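Me: Hi! Could you walk me through this one with me?

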Amino acid sequence: MIRILMVCLGNICRSPLAHGVMQSKLPEDHFYVDSAGTAAYHIGNSPDKRSIAVAKNNGLDISTQSARKFNVSDFDTFDYIYVMDQSNYSDIISLSRNANDTKKVKLFLDINTSIQNKNMPDPYYGDHSDFEYVYNLINETCDILAKQLNQD
Ligand code: 4NP
């Protein structure tokens, strides 16, 4: 079983989408996908209703997800920890205990060589079109990652 964790700040906008999209592209008998936030603001909340809506428009139900905060034990549980932006990267790396933890943490958009800006934009203060943009970028990047993982 390969375990993948998607991380953003609040765990209500970007990482729940990355969690749902990635899960939908991988066989569940070989892959476990989850998401978490670096901040505690939204613990226990459902994803943002705009993330739920854009996922639903693309045939995915993420409404049952519940926000949680990243925990140091996630370094033990997960093989890959994908962070949405540089700020998330710094926050997670600051919690790493050793080189093995550190090497699990990767910028999600580093997977996508067609994208120059490696920070997934935060749509929280944006509108529906910002959520659509983020969904499409996540979907495209998850396709690349799924192809890579299925080849390993
Ligand atoms: P996310 O977006 O990190 O993609 O879940 C945000 C959600 C909430 C807040 C900021 C970003 N907030 O400040 O509450």
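Me: How much space lies in the largest pocket?
Reply: About 160 Å³, taken as the space filled by probe spheres set on grid points joined across faces, edges and corners. A pocket here is an open set of points on a 1 Å grid over the protein atoms alone, where a 1.4 Å probe fits, with protein on both sides within 12 Å along at least five of seven lines. Mind that this is a predicted model, where local features need pLDDT of at least 70, side-chain atom pairs count only at pLDDT 80 or more, and totals for linings use all residues. Residues are numbered from 1 along each chain, and side-chain values use heavy atoms, without hydrogens and water.

Me: Where does the ligand sit?
Reply: In that largest pocket; sitting there means more than half of its atoms lie within 2 Å of the grid points.

Me: Which polar contacts are there, N or O pairs within 3.5 Å?
Reply: A backbone N or O atom of L9 is 2.9 Å from a ligand oxygen. For D122, a polar side-chain atom lies 3.1 Å from an oxygen atom of the ligand.

Me: And N11?
Reply: One of its polar backbone atoms is 3.3 Å from a ligand oxygen.

Definitions and conventions
Polar contact = N/O pair within 3.5 Å; in protein donor to acceptor, adjacent residues only side chain to side chain. 1 Å grid on protein atoms, 1.4 Å probe; cavity = no way out; pocket = protein on both sides within 12 Å on 5 of 7 lines; lining within 4 Å.
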